[in-house]
Amino acid sequence: MLAAECAWAILRAEHVRTRELLARLETAMKAGGEAGVRQRARSAIEAIERLQAFEETTHRPKGVVMLNMLRGRSSEADGLLDQLDSESERCSGLLAQAKILLERGESGDMAAAAEANALLRQHRQLMSAHLDKEDTLLHSHTALLLSPEEWAAVVSSISKEVGAARKRGHRRSPLRGQVPKPAG
């Protein structure tokens, strides 16, 4: 089960990185003093974009094959996967809403910035619980339900899935302040 241990070591390391990005976002929202609402909003938007990029091009793609193999193995595992999918969609939605409000805050709308702050607190709580479920419940289900051969397929798929996600990411518009890379 070396493949399983390797895959989970990678996923847990990425959960640490996600928590670091969440902490940066929280710090950006708490910045006070001279920063002002507009600068806090700008810093928070940049932190959200980093978190979104990490999730979309690095973390989520690594679990694609594992989750597809796990689906259909037990009703309990399927229920957990549905719950995790729902939480992930909710987290993405909260970030998108907060980003829109922060863009208004960047223009000086203090009420929008305060509303964004409330959404980001919800997001942080939901994402933290979500990561904990992945580290415990999902880990347990995969350990019980996936064979060594399936784990080998999961590990070998990681770089392929991440590469495909990065290609998709490059086709989207770049993060603010970044120059798009030429195609080819």
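Q: Which helix does Gly36 lie in?
A: Gly36 lies in helix α2, which covers residues 36–70. Helices here are DSSP runs of H or I with at least four residues, strands are runs of E with at least two, and both are numbered from the N terminus. This is a predicted model, in which local features need pLDDT of at least 70 and side-chain atom pairs count only at pLDDT 80 or more, while totals for chains, interfaces and linings use all residues. Residues are numbered from 1 along each chain as its sequence is written, and side-chain values use heavy atoms, with hydrogens and water left out.

Q: Is Gly36 buried, partly exposed or exposed?
A: Buried means under 20% relative accessible area, exposed over 50%, and partly exposed in between, using a 1.4 Å probe and protein chains only. Gly36 has a relative accessible area of 23%, so Gly36 is partly exposed. In space, Gly36 is 9.7 Å from Glu106, C-alpha to C-alpha, although 70 residues separate the two in sequence.

Q: How far does α2 reach from its first C-alpha to its last?
A: The expected span of a helix is 1.5 Å times one less than its number of residues. With 35 residues, α2 reaches 47 Å, close to the expected 51 Å.

Q: Where in α2 is there a kink?
A: A bend at a residue is the angle between axes fitted to the seven residues ending there and the seven starting there. In α2 a kink of about 45 degrees lies at Arg60, shortly before the proline Pro61. Just after α2, Gly72 takes a positive phi of about 90 degrees.

Q: Which residue caps the N-terminal end of α4?
A: The cap is Asp109: one of its side-chain oxygens lies 3.2 Å from the backbone nitrogen of Ala111.

Q: Which side chain does Glu14 join through a polar contact?
A: A polar contact is a pair of N or O atoms within 3.5 Å; within protein, one must be able to donate a hydrogen and the other to accept it, and residues adjacent in sequence count only if both atoms are side-chain atoms. The side chains of Glu14 and His59 are joined by such a contact of 2.7 Å. Glu14 is found in helix α1, residues 2–30, and counts as buried because its relative accessibility is 8%. Glu14 and His59 are 45 residues apart in sequence, yet 6.5 Å apart C-alpha to C-alpha.

Q: How many disulfides does the whole structure have?
A: A disulfide is a covalent bond between the sulfur atoms of two cysteines. The cut-off is a pair of cysteine sulfur atoms within 2.5 Å. A search of the whole structure finds 0 disulfides. As for individual cysteines, Cys6 is partly exposed at 37% relative accessible area, whereas Cys91 is buried at 2%.

Q: What pattern does the protein chain follow along the sequence?
A: The pattern is α-α-α-α-α, with 5 helices and 0 strands. Of the 184 residues in the protein chain, 40% are buried.
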